[in-house]
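Student: I would like to learn how to read helices, strands and ring pairs in a protein model. Could we go through one together?

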Amino acid sequence: MASVTYERVDKVYPGGTQAIFDFSLAVSDGERMALVGPSGCGKSTLLRLLAGLDDATRGVLRIGGAVVNDLPPQRRNVAMVFQDYALYPHMTVRANLEFPLKMRDQSRADIARQVAWAAELLGLDELLDRLPRQLSGGQRQRVAMGRALVRQPTVFLMDEPLSNLDARLRVQIRAELSELLERLSATTLYVTHDQAEAMTLGDRVAVLDHGRLQQVAPPQELYERPANTFVAGFIGNPPMNLFSARLNAASGGGLQLRLGEQTAPLALPATSAEGWRVWLDAPLTFGIRPEHLRLAEDCEESVRTTVSDAEYLGHETLLHVRVDGLDPAGSALVARLPGIRPFHKGEPVRLSLDSARLHGFGSDGVALAGLG
Ligand code: ADP
């Protein structure tokens with residue numbers, strides 16, 4: 001296996017669409033890097049550049065330290081797995097697995113050994129004589145993985161490999177794939193638009209928007225310390241609540257949040273209160289995760305809201321509200337509440353927010369520094 005680096009890469013397609021802007025990323029040997037972002041943000045382009053299916057307009061691509069910009073695809077030794085598994089329909093599973101090796105002129109003994117190895121690893125032994133149409137979606141997906149594996153590539157590139165599977169199978173295969181990649185210690189770039197998939201499969205996750213890298217971090221860090229409002233609003237389901245507000249000095253010397261006409265006192269730890277104070281009275285965007293909002297019986301430290309909807313999920317209720325007195329466009333919040341509690345539309349509820357979990361972003365959307 002090998003490390004992968006992108007150094008200041010731009011990609012402009014013929015016709016002038018710039019898909020990638022000044023993209024730099026270092027993936028270590030054996031690391032699983034998930035690339036995530038909305039459709040059209042440039043994820044597939046990044047894989048295609050590394051595989052050699054397209055050329056970078058600017059910048060350097062390295063595999064195992066060596067510059068590969070000018071190497072033809074077959075000499076880069078990367079294997080790609082796509083969403084449409086593209087198995088040969090008239091060939092058995094065995095023949096599908098053998099195919100990439102035959103193309104390489106390997107000896108029959110070597111081919112048989114590698115196919116047996118991949119089949120065992122992926123639990124395909126029983127299926128070797130079947131045709132793709134005699135397999136389930138999950139099994140076909142495993143054969144596609146096997147076809148990438150037998151070549152013993154230095155890097156795996158996976159482009160939405162699970163997106164054709166139904167929701168349940170997807171979660172099952174995701175767990176299998178995660179375990180397999182861990183066992184192989186395979187350097188992997190895994191493209192998905194699904195943040196949950198990125199968070200479960202990536203050792204680190206790189207978030208892209210409009211061809212630009214927004215943040216790269218381990219899943220927990222991405223969740224707990226999003227670098228900007230885009231990442232905050234993309235990671236998490238439901239994502240972080242974002243709303244415009246200001247910080248005011250409260251009468252007792254503390255800080256309070258001003259949302260329209262309402263104020264809510266903040267109980268901040270002393271260390272972060274100092275950091276926040278710098279931002280007094282500035283127009284800011286605040287962020288709070290749905291699980292850090294609570295129903296408040298005590299009216300002092302809470303925000304008045306009105307229920308717009310409630311999703312009863314059994315183990316929890318997602319309560320959708322609008323903050324009273326704010327412009328409807330920016331007043332929606334979602335609270336994740338344990339268990340089931342009936343709510344009706346139009347009902348007034350008070351929500352308190354866990355001040356220590358409050359995120360702040362400047363007018364440029366970038367997370368405020370020094371909040372402890
Ligand atoms: P993603 O994989 O994140 O959905 P892509 O990498 O496929 O995004 O596409 C990134 C951008 O580049 C999009 O705006 C897309 O329309 C454009 N694009 C992709 N392939 C081509 C191409 N061959 N020619 C022109 N534009 C392209």
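## Reading helices and sheets

Tutor: Start with two helices: H2 passes H4 in a right-handed crossing. This is a predicted model.

Student: At what angle do the axes of H2 and H4 cross?

Tutor: They cross at roughly 30° and come within 8 Å. Angles under 35 degrees count as roughly parallel, so H2 and H4 are roughly parallel to each other.

Student: Which residues of H2 and H4 meet?

Tutor: On the H2 side they are Val93, Asn96, Leu97 and Pro100, and on the H4 side Val143, Gly146 and Arg147. By type, the residues of this contact of H2 with H4 are four nonpolar, two polar and one charged.

Student: How do H3 and H4 pack?

Tutor: Helix H3 covers residues 108–122 and helix H4 covers residues 137–149. Their axes are 9 Å apart, and the packing angle is about 140°. An angle has to be over 145 degrees to count as roughly antiparallel, so H3 and H4 are oblique to each other. H3 passes H4 in a right-handed crossing.

Student: Which residues of H3 and H4 meet there?

Tutor: H3 brings Trp117, Ala118, Leu121 and Leu122, while H4 brings Arg142, Met145, Gly146 and Leu149. Six residues of the contact of H3 with H4 are nonpolar, one is polar and one is charged. Gly146 of H4 meets H2 and also meets H3.

Student: Now the sheets. In what order do the strands of the four-stranded sheet stand?

Tutor: The order is S2-S1-S4-S5, in an open sheet with antiparallel pairing. Strand S2 (18–27) and strand S5 (66–67) are the edge strands, and each pairs on one side only.

Student: How many bridges join S1 to S2?

Tutor: Six bridges join strand S1, residues 4–12, to S2, and the two run antiparallel.

Student: Where do the side chains of a strand point?

Tutor: In a regular strand the side chains alternate between the two faces of the sheet.

Student: What should I look for in the hairpin of S4 and S5?

Tutor: Look at the turn. Two residues lie between the strands, and Gly64 takes a positive phi near 55°. S4 and S5 pair in the antiparallel sense over two bridges, and Arg62 has Val67 in S5 as its bridge partner.

Student: Which other strands form a hairpin?

Tutor: S11 and S12 do, with five residues between them, and Gly253 in the turn has a positive phi of about 95°. Four bridges pair S11 with strand S12 (residues 255–259) in the antiparallel sense; Leu247 has Leu257 in S12 as its bridge partner. Strand S11 (residues 241–249) also pairs with strand S14 (residues 284–288), antiparallel over five bridges. In that pairing, Ala245 has Leu284 in S14 as its bridge partner.

Student: What is the strand order in the sheet of six strands?

Tutor: The order is S6-S7-S8-S3-S9-S10; the sheet is open and its pairing is mixed. S6 and strand S10 (212–217) each have a single partner strand, so one side of each is left without a neighbour in the sheet. From one strand to the next, the twist averages 20°. In it, Met80 stands opposite Leu157 in S7.

Student: Which strands of this sheet does H4 lie across?

Tutor: H4 lies across S6 and S7, and runs at about 170° to S6. Helix H1 (residues 43–51) lies across S1, S2 and strand S4 (58–63), at about 115° to S1. H1 also lies across S3, S6, S7, S8 and S9, running at about 150° to S7.

Student: Last, how many aromatic pairs are there?

Tutor: A search of the whole structure finds five. In the pair of Tyr88 and Phe99, the ring centres are 4.7 Å apart and the planes stand at 55°, so the pair is tilted. Tyr88 lies in the loop between strand S6 and helix H2, and Phe99 in helix H2, so the pair ties together parts that are 11 residues apart in sequence.

Terms used:
Residues numbered from 1 in each chain as written. Predicted model: local features only at pLDDT ≥ 70, side-chain atom pairs only at ≥ 80, totals over all residues. Heavy atoms only, no water. Pairing = 2+ DSSP bridges. Contact = heavy atoms within 4.5 Å. Axes fitted to C-alpha atoms, helices over the stretch in contact; angles between N-to-C directions. Parallel < 35°, antiparallel > 145°, perpendicular 65-115°, else oblique. Left-handed = near helix turned anticlockwise from the far one by under 90°. Nonpolar A, V, L, I, M, F, W, Y, C, P; charged D, E, K, R; others polar. Phe/Tyr/Trp six-rings, centres within 6.5 Å; stacked < 30°, edge-to-face > 60°.
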